[in-house]
Amino acid sequence: MRAILYLMSYLLILSFAEAENEMIWQPKPGTTWQWQLQGELDLSFEVEMYDLDLFDTPMETIQALQARGKKVVCYFSAGSFEPWRTDAELFPKELIAKKMKGWDEWWLDIRNLDLLKPIMLARLDLAFEKGCDGVEPDNVDAFANDTGLKLSYEDQLAYNIFLAEAAHARGLSIGLKNNLDQVKDLVPYFDWALNEECFYYRECQRLMPFIKADKAVFGVEYELDVQDFCPKANERGFSFLKKSWEVDAYREDCLGIK
């Protein structure tokens, strides 16, 4: 009898897990999108997904897009300290490392999870409360940058897997931002990828494990002309745009460019 009860409990837990996974949005290659983090929002594009700032986007905007059948991904930085954010006072000094080159942000010590986890969990809770369909955590490749810390590959892997599992526990889809060095290890944990300038740096092939797993690869180029990268992006099944460095409403979509 005890064995039967154990089996029934296990099957019930398994069914809940499967139901949760089915609820999490996992976009397929070719999904159309718009990415805007600054400026007055332009919500007029006929795309399947909008990627918007977690803190700056009102819940009403998210709901309005979803009422039109759009998915909404919410951007936040998971690897840097941004002093202008409303939760900036929650970051203790021992978490804050070297300033990023060219940005008013500081790398975070991702090894100190006792201090960092509660802050990031609160951000994921905010995404859940606002009704975001997914999240785009930025700066998740600290180990490959000049942070002033001795971060290892394993440190970054552990932190990124924590983010993915915490997002999924809230029913949120999650994308892997850049971090091409860890694509092969993280494909099972992330639902899609978002890349900046892989054609400029000639490293797009490293994103193909997502395509092979039937997961979307979103991306942008800032410097290249659309004719220089869009045909290649379309051949690979990527969803690429040309954007300005401000990541405002401006966009040129690769869709249909041969």
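This is a predicted model: local features need pLDDT of at least 70, side-chain atom pairs count only at pLDDT 80 or more; totals for chains, interfaces and linings use all residues.
With a disulfide taken as a pair of cysteine sulfur atoms within 2.5 Å, the count comes to three. Counted along the chain, the bonded cysteines follow the pattern 1-2, 3-4, 5-6.

One of these links is formed by Cys-74 and Cys-132, with an S to S distance of 2.1 Å. The angle about the S-S bond is -85 degrees, and the link is left-handed. Both of its cysteines, Cys-74 and Cys-132, are buried.

Further along, Cys-198 is joined to Cys-204, and here the S to S distance is 1.9 Å. The torsion about the S-S bond of this pair is about 95 degrees, and the disulfide is therefore right-handed. Cys-198 and Cys-204 are likewise buried.

The remaining disulfide connects Cys-230 and Cys-254, whose sulfur atoms lie 2.0 Å apart. Cys-230 is part of helix α7 (residues 226–236) and Cys-254 falls in the segment after β12 (252–253), so the bond ties together parts that are 24 residues apart in sequence. With -70 degrees about the S-S bond, the link of Cys-230 and Cys-254 is left-handed. Since buried means under 20% relative accessible area, Cys-230 counts as buried at 0%, and Cys-254 is buried with a value of 1%.

Conventions. Residues are numbered from 1 along each chain as its sequence is written. Side-chain values use heavy atoms; hydrogens and water are left out. Buried means under 20% relative accessible area, exposed over 50%, partly exposed in between (1.4 Å probe, protein chains only). Helices (H or I, at least four residues) and strands (E, at least two) are DSSP runs, numbered from the N terminus.
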